Amino acid sequence: MAKRALVVSGGGCKGAFAVGVLKNLAANFPEISFDIFVGTSTGSLIAPFAALERIDMLEKLYTSITTDQVVIRGNVVARLLGSNSLFDAAPLANLIKQYYNDDVCQQVFVSGKEVFFATTCLQTGASVNFSTNTPSLVSDYEVMKLNTPDELRRAVMASACQPVFMQPIEVKKGSLPLRQYVDGGVKEYAGIQLAIDAGAEEIYAIVLSPETRDTDEHPFNDALAILERTIDIFTAGVGSNDVRIPAVYNKTLQYIAAVKKKMLAAGIPQNKIEDYFNIPFNNPLAGKKPLKIYVIRPDAPLGGGPGGLTFDPAEMKGMLAKGQKRLDDFMANLPPEQRPIA
Amino acid sequence: MVLAGFYLLNIFTQYKAITMKRFVCGLLSIGFFISATAQRDPEFPKGWVLYLQAHDGMVTNFTTAPDLFVAGLSLSPQLTVVPGLLRVGGTAGAIFNNKKIAGVFGPNLVIKLTSLQANSLGSILNLQLQLEHLWGTSQQKLLGGLLQSEIGQFFRLGFSIHRDYGLNTWWFQGGLGYNLLRKKKKGIEDPMK
C-alpha cells in the first residue's frame, strides 16, 4: 500500500500554522492518516504528537507558550564570550522534557510510524536524520536510529536549536567521536525529498513561509537588523529549494510516465518500453512512480519575529486559525483528480 | 504595564491634587511599571557579581588649595535582589590620599537606570547608579554615588561623587571595574541535562 507522509518545515512559533492545518485535517479529513512524519526544527516538535494523533497537545503547546518559555535572552557580549549561543535554550529543553515524557516517547516508538527529525551535524556538516524506526529505503541521507526516550527528546531539541541562537545538542550523549547537532533547516528547511526517499507516494508538506517573497521596504543601516534579515532570506531560499527540487523531480516522473503512455499508444510493447528506460546505469528514477505532493503554506508572512523566535500566544492563536482556513481553501481549490486518496 | 504607565502620567499631570492614597497608588504603579519593564531586560541577572575596581581622582573642599590626589582599589560583592533592576552589596578597599593609605568599607545599592538592546538578540550594556556610604579608617564618612556603565556584564566604567561629611570635603573620581565572577566558557553546554 502506498505510504503517506506528513512533512512540517521549520519556522519557530509559526508551527502554530501547521497545528491549525493538522487540526482541520483531523476534524474534517479523518480518513487521511500518515505513515511517515518528517519534521525540521519546529516541525520536529510537532511530528511525534502528530504521529500519536494528539492534536490537542499540539494546540495547547502552540497557543500558550511565550518566548521566555523557549529561550532566555542574555547580554550579547557576555553570551558570546562565555556561552555556546546567543540565547539559552534551557526553557525549551524543559518544555520538551515536560511534553515528551518517557510515556509519550514510548508510545511514539511502538506506534509503528516512521518519524524523522532533521538535523545538521556541526562536525561533519552532513544532514543527519534521526528516526524512531529502522529506516526504510533511505539511501541519500545519513539516518540514525533513536533507541531511548532521552535520545528522542534530544533529537527533537537538536532539530529545533537554531545554530548561533541556541546551543548545539549531542543526541547520542557521550558517544565518540563527538557529534553535535543543530537545526536541520540549515541545509533542508522542509524534508520533502527525505519523505520521497523513505518511500512516500503521497506527501502533505506544511511549509511555514509563503511562496511569495516577504518584502521589507525599510532601509537597512544597522548590522544586527541586516543579520536578522539575512537569516530570513537564507531560510526562505533553502525552503524554496526544498519545495522546488522535489517538484522538478515529480514533474520528471510525470513526464516519463506520459512518454511511456504515448509509446504504448504508438504500439510499442510494454516490455520494450520498460527496456528503453532501463539503462544499465545508476538510474535515480528506477522504481519510482509519480507522486502526489500537496504543499500547504500561508498566503502571506505569518510574523513571529526573526527566525520565528517571538512566541506570542495571541499571535500564535491567529496563526493556528490561518492554518485551519488555509487547509479549507487548499482542499476547495484542488481539482477532483488531485484530491487526496481516502 | 501600559495601564500603570497611564496611571503614572495621570499622577504627575495632576500633581497639585496629590493625596496620600494617590501617592501610595503612584508609588505602587511606579514599582509595577519598573518591575514589568525590568523583567524583560537581561541586564542584572540573578546571582552575584564581584567587581574589582580601580579608581582615582581628587579630594577638594572648594576653599583651600591644593586639591589632593586620591586613588584606590576596592572589591564590591553585589547580589541581584530584583532581576533587571536592583542589586545590593558592599564595598571594601584601600585608598591612597594625603600621603596616607586608609581602608574604606560600607554598604551600597545599585539601580539599573537603562540598558542598550541589540534588537531582539539581547542587551549589550546598562547604565546604573550606585548609591553608597563608606566609612574610612582615617575618619572619612563618605556618602555618594557612582554613575557607571556595565558592559557585557563584566566590565564597568564610570565616575563617582562622594561627600565626606566627616572631614568636610568632596571626592571626585573616575574608575574601571572587572567582574571576577564573570561567567567563563566551560566547554560544551547541555541544556538537556
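## Salt bridges, strands and the A–B interface

Asp41(B) has a relative accessibility of 12%, so this residue counts as buried. The model discussed here is predicted.

Me: Which residue forms a salt bridge with Asp41(B)?
Reply: Asp41(B) sits in the loop between helix 2 (20–39) and strand 1 (47–60) of chain B, and its partner lies in strand 4 (residues 100–117) of chain B, 71 residues apart. The closest N and O atoms of the pair are 2.5 Å apart. The partner of Asp41(B) is Lys112(B).

Me: Is Lys112(B) buried or exposed?
Reply: The cut-off for buried is under 20% relative accessible area. Lys112(B) has 10% relative accessibility, so Lys112(B) counts as buried.

Me: Which residue of chain B meets Arg154(A) in a salt bridge?
Reply: Arg154(A) is in helix 7 of chain A, and its partner lies in the segment after strand 8 (169–179) of chain B, so the pair joins two chains. Both residues are buried. The N to O distance is 2.7 Å, and the partner is Asp190(B).

Me: What separates Asp150(A) and Arg154(A) in helix 7 of chain A?
Reply: The side chains of Asp150(A) and Arg154(A) meet in a salt bridge of 3.1 Å, N to O. Asp150(A) is partly exposed at 31% relative accessibility, whereas Arg154(A) is buried at 4%. Because they are 4 residues apart in helix 7 of chain A, the separation is about one helical turn.

Me: Which residues do salt bridges that share partners join into one network?
Reply: Arg154(A) pairs with Asp150(A) and also with Asp190(B). Salt bridges that share partners make one network of Asp150(A), Arg154(A), Glu170(A), Lys173(A) and Asp190(B).

Me: How many salt bridges does the rule find across the interface of chain A and chain B?
Reply: Over all chains the count comes to 16 salt bridges. One that links chain A to chain B is Arg79(A) with Glu189(B), with the closest N and O atoms 3.9 Å apart. Another is Arg154(A) with Asp190(B). Across the interface of chain A and chain B, the number is 3.

Me: Which helix of chain A gives the largest share of the side that touches chain B?
Reply: Between chain A and chain B, 13 residue pairs are in polar contact. On the chain A side, at least two residues each come from strand 3 (72–75), helix 4 (76–82), helix 5 (90–99), helix 7 (149–160) and helix 9 (223–265). The largest share, 7 residues, comes from helix 4 of chain A.

Me: What area do chain A and chain B bury between them?
Reply: The contact involves 35 residues of chain A and 24 residues of chain B. Carbon and sulfur atoms account for 55% of the buried area, which is about 2500 Å².

Me: What is the handedness of the β-α-β crossover from strand 1 to strand 2 of chain A?
Reply: Strand 1 and strand 2 (residues 36–40) of chain A pair in the parallel sense over 4 bridges. Val8(A) has Gly39(A) as its bridge partner in strand 2 of chain A. The chain crosses between these strands through helix 1 (residues 15–28) of chain A, and the crossover is right-handed.

How values were computed. Residues are numbered from 1 along each chain as its sequence is written. Chains are lettered from A and ligands numbered from 1 in the order in which they are written. This is a predicted model: local features need pLDDT of at least 70, side-chain atom pairs count only at pLDDT 80 or more; totals for chains, interfaces and linings use all residues. Side-chain values use heavy atoms; hydrogens and water are left out. Two strands pair if DSSP finds at least two bridges between them. A crossover is right-handed if, with the strands pointing away from the viewer, the path from the first strand over the helix to the second runs clockwise. Contact means heavy atoms within 4.5 Å. Buried area is the accessible area (1.4 Å probe) that two parts lose on being put together, summed over both. A salt bridge is a side-chain nitrogen of Lys or Arg within 4 Å of a carboxyl oxygen of Asp or Glu. A polar contact is a pair of N or O atoms within 3.5 Å; within protein, one must be able to donate a hydrogen and the other to accept it, and residues adjacent in sequence count only if both atoms are side-chain atoms. Buried means under 20% relative accessible area, exposed over 50%, partly exposed in between (1.4 Å probe, protein chains only).
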